[in-house]
Amino acid sequence: METKNIMIVGVGGQGTLLASKLLGRLLLGRGYDVKVSEVHGMSQRGGSVVTYVRWGDQVYSPIIDKGEADCILSFELLEAARYTEYLKPGGRIIVNSQQVNPMPVIAGTAVYPEGLTEKMAALEIQVDAINALALAEEAGSSKAVNLVLMGRLSKHFDFTQEEWMEAIEHSVPPKFLEMNKKAFELGQSA
Amino acid sequence: MKTLMLGNEAVARGLYEAGCSFVSSYPGTPSTEITECAAKYEEIYAEWAPNEKVALEAALGASLAGKRSFCAMKHVGLNVAADPLFTISYTGVNAGLIIGVADDAGMHSSQNEQDSRHYAKASKVPMLEPADSAEGLAFAKLAYELSEQYDTAVLLKMCTRVSHSQSVVETGERRMPAQKAYEKNPAKYIMMPANAKRRHPEVEARTRALTEWAETADINRIEPGQKNTYGIITSSTCYQYVKEALGDAYPVLKLGMIWPMPEKKIKDFAATVEKLIVVEELDGFIETHCMSLGLAVSGKELFSEIGELSQNVVKEKFGVPVPQNKALGEDIPMRPPVMCAGCPHRSIFYVLKQLNLTVLGDIGCYTLGAVQPLGAIDTTVCMGASVSGLHGFVKAGGEEKAKRSVAVIGDSTFIHSGVTGLINIAYNESNSTVIILDNSITGMTGHQQNPTTGYNLKGDPCTKISLEDLCHAVGIKRVRVVDPYDMEACRTAVKEELEAEEPSVIISRRPCALLKYVKHPGPICADPEKCKGCKACMNIGCPAISMENGRVKIDNTLCVGCGVCEQLCKFGALGAGN
């Protein structure tokens, strides 16, 4: 099969690494060759962070280049907009509609652009924007945004509920398992 | 068992399977997780050393004692460890010794983009270069065999993309090599001139022997291609970009050992292709080697010395169409890293900026004090350079500079190499003021313990080195501690110590706001009625504070209630929450 590519983007500290860990587990369970590439260090301090998840029969490069991503899973609206050029034509963006102001916006030297969802849709991108923060809070914690987005992603990929649940159980601490499962299901049904 | 592993984790697994018993490292992105993962194996003794030089010397000691040993560092850490490296090349080892070094092309989290491969050539120590996690595991094991067979330390060179990518590995069992007895051998281990003169020819002979090994080694493999218009030599993550971009279009010589490189194998490969092209990141290291063999080769004229490569870059240079894409065509504001909400470093930088001081900075989270709106740092060079640099700045600049400049350095960085600079300040008597930003952890690399925290790498309580006692012991009489959340106390301390007619140290002490044990009072309450929109609170660059309709707004998901902004508001619009 052709290699599939998902980019997970967000703001350092939002929990993007857990999302990639979960996906890696899921894909390995299916016997695919998998590569998951992360960047640690300075950008995790509130900077723009990117994780690449790739799977197929044989995956070489650990990174996803411009025009290659089947899907971008974004934890924040501006970050989705930042990486649209990494999408394949007609690719999909699943985005948490939450806005987190970057420092140049807070400091008043830049403006957070308006109407990003519409502008992305105008590029023939399939944009699925959900308020993942509200759903995560409904599930019990604002930290469960990653599981809400995973739930949303599950609608577009051919994995069974059992496979997803196994990957979730393997990736989150038992103490927060039920809350995370709920967040996942809220993302699926929202 | 097949599992997904980070490159660094796979190296740690390889160490474990090869019977490594001793690991000593200093943390540095992207190398840190090798040591953290190694520490999870009960059979491996693992520690954080104060710096890379100490770590490598400790690892050598363990090797001499007969145990397979390891130490890891980032590329700039190898500069610190370069002194022992060049002479370990002469002494060789007893049990196997591997030095892990992780480069950071693209500078995701580093102050320079140096190419560590030069160290292998310069120190005449062999270097292996894995291209993914499976090779990380396999090469770690192979490196021990080479180390013992050829009586040499072996460099294992990682890079951000190999260190921080997870890929599939198959794990095996741990196999312990026979314990090697230590035998006194002055001619081999005492590197005084008479002995070192006899060792140097051994080093040269070893490199020739390893070159012979490289000619037939499996890890330097030729993969056939459909057309011989081009022949590609590559290694590490660049191999992955080449295969991703070109598949098997052209033959590829993948080098797993990057020093010493084979000669005949490369010449023979070159003879089978029309044009030889080297695809490598950073410097033209393989390319230069090919040139020295008298081969016509292209490399850096196609692929930049600057930053990372990718599959699209390779496609472009080989005339393969790159995928179409659509950018938003919108000005997307940058999102640079920032100090976290509640970071204890923030307020001290605000005070330094208010006082309009020259601030010699150092390496750590607090380098972010350079970013606007704080913009409080003048220099950042390398670990420890703030303290030693301040001494020169004050000595050369005189009284005026002494009263208007400070050094800032973190607790871990101070122990790493700040303390030697402080000794120079005390000994050569410069009227310097050093601020140690003690957040009780090594922050930037992701919360590693250090000699001042009272815990070791395995998380067990251990000797805690007192910064106050250490500063006193090296001859600094004026040492005082302040709480950085109390801005007035910070201002007073800085002013008084700058005025003092002798060197002084201010320890700005409060644990990192992200540490799990730190209890926070909870978000600050903003009162839009009292807010006049003066934006004084915006000058500290806190990600939790923004303005909405001209009035202050606190992001409750980020704010921990440190209260620093409260001290900036003259109108009482910011106060403790409920």
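1. Val23(B) has Ala46(B) as its bridge partner in S3(B). The strands concerned, S2 (residues 22-25) and S3 (residues 45-48) of chain B, are parallel and share 4 bridges. Pairing requires at least two DSSP bridges between two strands; helices (H or I, at least four residues) and strands (E, at least two) are DSSP runs numbered from the N terminus. Between S2(B) and S3(B) the chain passes through helix H2 (residues 32-38) of chain B, in a right-handed β-α-β crossover, that is, clockwise from the first strand over the helix to the second with the strands pointing away from the viewer.

2. The model is predicted, with local features needing pLDDT of at least 70 and side-chain atom pairs pLDDT 80 or more, while totals for chains, interfaces and linings use all residues. Residues are numbered from 1 along each chain as written, chains are lettered from A and ligands numbered from 1 in written order, and side-chain values use heavy atoms, without hydrogens and water.

3. Chain B has an open, mixed sheet of 5 strands, ordered S9-S11-S10-S13-S14. S9 (220-223) and S14 (297-298) of chain B are at the edges with a single partner strand each, so one side of each has no neighbour in the sheet.

4. S10 (residues 230-235) and S13 (residues 275-279) of chain B run parallel, joined by 5 bridges. Ile233(B) has Val278(B) as its bridge partner in S13(B).

5. Asn79(B) belongs to helix H4 (residues 75-80) of chain B. Beyond its neighbours within four places in sequence, Asn79(B) contacts Gln114(B) and Tyr119(B) (heavy atoms within 4.5 Å).
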